[in-house]
Amino acid sequence: MDPNFVQGLHNLLVQSATSNDTVLLKAATSQLNTEYYKNPGCISALASILASSPDFAVRQLAAVEMRKRVNQKSGDLWTQLPADERQQIKDKFPDLILAEQNKLVRHSAARVVAAIASVEIPLGSWPQLLPWLHQSCMSPQVTHREVGVYILFTVLENIVEGFQEHLQSFFKLFESLLVDPESIEVRITTVRALGVIAQYIDSDDKADIKSFQALLPAMIQVVGQSLETGDEAGARQLFDVFETLLILEIPILGPHIAELAAFLLQCGGNRNLDGELRVLALNALNWTVQYKKSKIQSQNLAAAILEGLMPIATEPEPEDSDDDAPCRSALRIIDGLATNLPPSQVFPALRTLIQQYFSSPDPNNRRGAMLALGVSVEGCSEYMTPLMAHVWPVIQAGLGDADNSVRKASCVAVSCLCEWLEDECVAKHAELVPAIMTLVHDPATQRSACTALDALLEILHDVIEQYLGLIMEQLAGLLDTAPIPVKTVVTGAIGSAAHASKEKFLPYFQPTMDRLQHFLVLTGEGEETELRGIAMDAVGTFAEAVGVSVFRPYFADMMKQAFQGLDMGSARLRECSFLFFGVMARVFGEEFAPYLPNVVPPLLNSCRQAEHGEENSAAFSNTEAAAAFASGSSPSSAISIIDETDANGNPEIEVEDVDLDKLLEVNSAIAVEKEIAADTIGTLFAATREHFLPFVEQCTLELVSLLTHYYEGIRKSATDSLLEIVRTFYDLGNYPEWQAGRAVETPLSNSVKELIGHSIVPLLEMYESEDNKSVVASLCVGLAETINKIGPAFVENHLDNICSIAVQVLEQKALCQQDPDQEESDEAPEDQAEYDSVLISSAGDLVSALAGALGADFAQAFGTFFPLISKYYKRSRSLSDRSSSIGCLAEIIAGMKNSITPSTEPLLELFYRALSDPEAEVQSNACFAVGLLVENSEVDLSAQYLPLLSALHPLFNVGPDASAAKLNAKDNAAGAVARLIIRNSAVVPLDQVLPVLIEALPLKNDYLENRPVFRALFQLFRSNPQSLYPHMDRLLAVFAHVLDPSGPDQVGDETRAELITLIGALNGEDPARIQAAGLGVYVPGP
């Protein structure tokens, strides 16, 4: 080795390591890159410097640069070194590390060994390494064990594949290292090494899984030891390992979930630990709930976890809403339990705790109870509905509590209830509105109260008029006087008032616009940005409320403000501008078209923009990033860029001990902006139609590229928009109505076929790897809507794949439903989370659409689907499952028509059971289903008429103040009776049935059932008019009601035309009676 070369390199490294002069540093870097680092001899020289330099900073830099050179071009520079020099380095380098006194240098040098091993081990040319590592790890000297296990860890990070046959010997080695008597560092590094190995164990490697599982209790103990010693960096690394184990698709943690959950809960609740360490433990528990829910469910752990979380939830909250704290982590886990587990396992235990804590004299306990109630609503809303009589007294007491923090928490709970239990909250408007308005006037609760008011006003619709004047007067005053954060929530509340009141908002429109004008030109950051964005959202809502003609004078100016918002460098304002564009397009339709050339490019730019660190996504998995994004927690490995490129010219990536949270914080704002941008694209095409055609191709390509994004919100928006584009493009073709059947009677144009192909293939590919239930549910619903629109032509070349999606979801075997801890042969538990029911229902929508498109050709597939759908109708199933099961079968019958005949008997037996279901929602669907079955089946069901009429009769006995579900069931019972009459009126005891049926008219809720009702009446007027004569006055009043032009359309054009013809005929028989009923206006002229 040329000593001058080594000395020159050493001098430049000294200059780089010690100089603060940027000019000198730049010159040194340039010289190193051009004169030294292209020469393979630099590797030997760097090894010599690392061995001999007295300056640790130089040794550290030499180690870092040596690793880079070894890695350079996939080891090409290393292999250019003469074999004897490579062997000398391999022989001496490990012992050199043992002699190194500086820990940082040791770690950097260990990574050099890993880099060399990644080249040499696959070639079988470094047989001495493993025995040396084993010897070092078992050395009596603690520093040797620390170095040995760290090198082993770094080597495993690079080349586990080459060591897989040694796993059992590693497990034996790690068993002793996990209980190293002298060094916590050895124990922590051993856990990290195990975390790497776990990622390479296959689910079929039962022996390796068993050996790993045996080490888990000791691994958990090491986490506890790192917390006790206050080693935050070590604790972060260990929690990262366990979070990695949680998301692996092998059942490593299964037998120890109860132990792990209890440990994490104990750490999270230990107030002697640093707050950040407690948050780390609770975040890991949150991941446990999300990724090991089947174990938590099967072992009934929810109640114990809730009991441990409640004391944490009562701890004081930090002032800054962005700061994490144990109490916020605890509430996040309660939310996770509610949304991931069956509510029967969560809400009863939580309700007991809420009652206990809310009756406490300590306001912190009452506040925690109220917040726990609020976060549980999303996942338990259906389960809570019959229990709301017990919940409202707690809410009312909380809104009137003596403590400000409890009142604010109660406002949060009200906001959650309004979002998920709309009907129940509207029914309580008389108590809620005054209580919340009182809190709006209290500066201590003003902001929280305005947020609750916002949520409540948005759903009040029919009853808002009585409050509108008072609310607008009081909120308008706050727009002038309140601090900016309060002005923001007040502006949102006014937007919700406009949304609910529609045209009744007109008197308040102009004065409110005048007040909001100066908010729309704010240019400050933070609070001002948020106020400007919310004001823009509110103005869009005003436009929808007051309509095109009233809003038109403001249209151009508001579009100008929205364009300015795009250029202010704020993801939040871009998001609000995109939402505004979507609203304006919906309101103004084709009138919006001139803006498209200026609106679409920013949307596409948003979809294409690089997210911070996005180019390095190879360093962490989609699953890991998505889970971190969704859960608000993250593994502690993040990405740092080095100035080298790999063989493909891409930057090389190092996973160092840095926090991924920072990466995700930057990503999240841009990701949400992209989600809105993707969503807006479909809205614009649907609204502006052919004017959007020049942008269809580039938008489609961009949306397809987003289907693989790590954030599920973007995948969902891209899915929805793609299918919206397909439907709109088809609409523009003005095709005749399609005919049901596998054969396509009306072929599509090539351009529509191409667009379908470009969209559906990547959507089906996305499904294969999609692990998020809401995205799959959205895909199922979107496919169903598109099939309903386009018919068999849409599924022409993809029928089997689309059917397969529905089958997998209904069997609960889709990727997003899989649980690595569940055996493939195991049946999924019947009791499931409410979100799981949403997914099952969406698959039912897809099956219904397929039946509608294929008609009689669906008969064979029905044999597959019937047992899959009917199994969700059991009394042990949730209301949602039972209701969607029967509703889906009804829609399938509507699609298959008389080809349903072979399945008549089992369907009828199922529908009889559903007619006596305790829930009106299920009964309603059963009425619809049984009516369609009788009408369409070719089996003679005359013998079933009396039993069916007896089963339907109780559903007519409801008062006018009954729940919407019961009124809906009554309307559907009327439709069912009508269908029985249509099919065979001769076996219906009309003298007993007609008084009940006609008394149920006019229908109040489900106007679609007017179609069979009027078809039955028209048939009777033709074939048996005398049966209707006793009811003529009532019928004429019903006719007047459904034809009233001031009300909503209740019957549709075809029925209306036939009804008017009937009125003309009746007028010929008794004109005075027709005039007296107010129907003279409908009598055709002479």
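Analyst: Let's start with helices: a helix here is a DSSP run of H or I with at least four residues, a strand is a run of E with at least two, and both are numbered from the N terminus. By that numbering, Asn300 sits in the loop between helix 15 (293-298) and helix 16 (302-313). Bear in mind that this is a predicted model, where local features need pLDDT of at least 70, side-chain atom pairs count only at pLDDT 80 or more, and totals for chains, interfaces and linings use all residues. Residues are numbered from 1 along each chain as its sequence is written, and side-chain values use heavy atoms, with hydrogens and water left out.

User: What makes Asn300 count as exposed?

Analyst: Relative accessible area decides: buried is under 20%, exposed is over 50%, and partly exposed is in between (1.4 Å probe, protein chains only). Asn300 comes out at 54%, so it is exposed. Its backbone also stands out, with a positive phi of about 55 degrees although it is not a glycine. Most residues other than glycine have a negative phi.

User: And why is Arg689 called partly exposed?

Analyst: Arg689 has a relative accessible area of 26%, so it gets the in-between label. Arg689 has a positive phi too, about 50 degrees, and is not a glycine. You'll find Arg689 in the loop between helix 33 (660-688) and helix 34 (693-706).

User: Which peptide bond is cis, and where is its proline?

Analyst: The one from Leu1001 to Pro1002, with omega near -5 degrees. Pro1002 is in the loop between helix 47 (990-999) and helix 48 (1010-1023). Most peptide bonds are trans.

User: How do you know that helix 19 isn't straight?

Analyst: Check the span: the expected value is 1.5 Å times one less than the number of residues. Helix 19 (residues 363-384) has 22 residues, and a straight helix would reach 32 Å, but the end C-alpha atoms are only 25 Å apart. Then there's the bend, the angle between axes fitted to the seven residues ending at a position and the seven starting there. At Glu378 that angle is about 80 degrees.

User: Why is helix 19 described as largely enclosed?

Analyst: Because 16 of its 22 residues are buried. Gly368, which is in helix 19, counts as buried at 0% relative accessibility. Taking contact as heavy atoms within 4.5 Å, Gly368 is in contact with Met310, Ala313 and Thr314, leaving aside neighbours within four places in sequence. The C-alpha atoms of Gly368 and Ile312 are separated by 8.5 Å, although the two are 56 residues apart along the chain.

User: What makes Ser329 buried?

Analyst: Its relative accessible area is 1%, so the buried label applies. Ser329 is in helix 17 (residues 326-340). Beyond neighbours within four places in sequence, Ser329 is in contact with Val279, Leu282, Asn283 and Asp324.

User: How confident is the predictor overall, and where is the pLDDT below 50?

Analyst: pLDDT is the predictor's confidence in each residue, from 0 to 100. The protein averages 90, and 94% of the residues score at least 70. Over residues 613-664 the pLDDT is below 50, yet beyond near neighbours in sequence this stretch has 113 contacts in the model.
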